[in-house]
Number of protein chains: 2
Amino acid sequence: MPPSKPSTTSAATDPVDEGVVRGLMGYNVKRAYIVLHSAAQQAAAEFDLRIPTFSCLSVIVRNPGITPSALAELLKIERSNLVVMVDELETRELVSRTQMKTDRRRFELKATVRGRRLHDKAAGAIAAAEAACLTALEDGEQQQLLALLNRIEGSMAD
Amino acid sequence: MPPSKPSTTSAATDPVDEGVVRGLMGYNVKRAYIVLHSAAQQAAAEFDLRIPTFSCLSVIVRNPGITPSALAELLKIERSNLVVMVDELETRELVSRTQMKTDRRRFELKATVRGRRLHDKAAGAIAAAEAACLTALEDGEQQQLLALLNRIEGSMAD
DNA sequence: CAAAAGTAGTTATGGTCAATAACTATTATT
DNA sequence: AATAATAGTTATTGACCATAACTACTTTTG
């Protein structure tokens, strides 16, 4: 990395130089993430869901009977942090949590009818909110972006 | 959005279906972000810097005399949250904060020699850490990724 | 079989980051 | 001169993530 070259002295109205940070991939990824996340967050809020909670609900809907441990591993969140989310989902009767007969340490998570309904509506709203952020990209470009992102994630897989 | 189709009942060792979330761009962006961020974070920690603090230092190095307000606007962080970071940078004598004569509400931020040196070393380490996460992508693909991300950010600009 | 080790879930706690409101000091507006 | 706007600050809160320590249960193994 070359030493930084400050512009003698920057007055108040100078064009501001983002410099090093804008050259970092992480910074650019974060900026795009913020755009998508805040849109998704707003959409999810309509259903009194936060994004991590929605993600849990979504995986439970698709995998009836999944255990909290498997859910945590999939979403890469700590089991301890999962507890409060599942608590909330259970309290709101969106998800049921029943102890397994075969192994009483484990619990089976299943979405209730209410849970599925809410999920499907929220998923639609979140997808729509995201789509509004992605109008600048053609469908093919979105696929391309997805592939590139997944290769970063995949190259660092455990 | 089509209604979700659960797989009858998922046993313990079933392949888990990530379902809806993996189809959301925000989820994929976040996953890639986590990879890059944790690598950058580790690198920055070697210099006792967290990423937001490094970003501040970096912009100050490139824009001597920048005001806290301009810095906050550029990095899209709240001025109130900036204060503690600049406090720390000043305490560590990486940055100087001097009141302007012309407008005594404003402060000029400048990196010290120590600040510039630390910045350049940290920037190199962070860039190297990022590069290690990006080996799966050719240079051209990295440029492509950057362009796509910036178009998302740009399309939502104020 | 009993002891030890491992697994699943939980509780409590702390750290980072982001967001807001309320405040002081200073400058600009009318 | 009174009012409004701007720059910086303080205090507080909430979301999210990570860790350690714990209970309950199951598996391993001597």
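With which side chain does the side chain of His119(A) make a polar contact of 3.0 Å? The partner at this distance is the side chain of Asp120(A). A polar contact is a pair of N or O atoms within 3.5 Å; within protein, one must be able to donate a hydrogen and the other to accept it, and residues adjacent in sequence count only if both atoms are side-chain atoms.

The model is predicted, with pLDDT of at least 70 needed for local features and 80 or more for side-chain atom pairs, while totals for chains, interfaces and linings use all residues. Residues are numbered from 1 along each chain as its sequence is written, chains are lettered from A and ligands numbered from 1 in the order in which they are written, and side-chain values use heavy atoms, without hydrogens and water.

The side chain of His119(A) also makes a polar contact with that of Ser58(A), at 2.9 Å. His119(A) counts as buried because its relative accessibility is 0% (buried means under 20% relative accessible area, with a 1.4 Å probe and protein chains only).

Around DNA strand C there are 19 residues, among them Pro68(A), Ser69(A) and Arg50(B), which belong to those that come nearest; a residue is near a strand if one of its heavy atoms lies within 4 Å of it. A side-chain N or O atom of Ser69(A) is 2.5 Å from a phosphate oxygen of DNA strand C.

Note on methods. Buried < 20%, exposed > 50% of the residue type's maximum accessible area, 1.4 Å probe, protein only.
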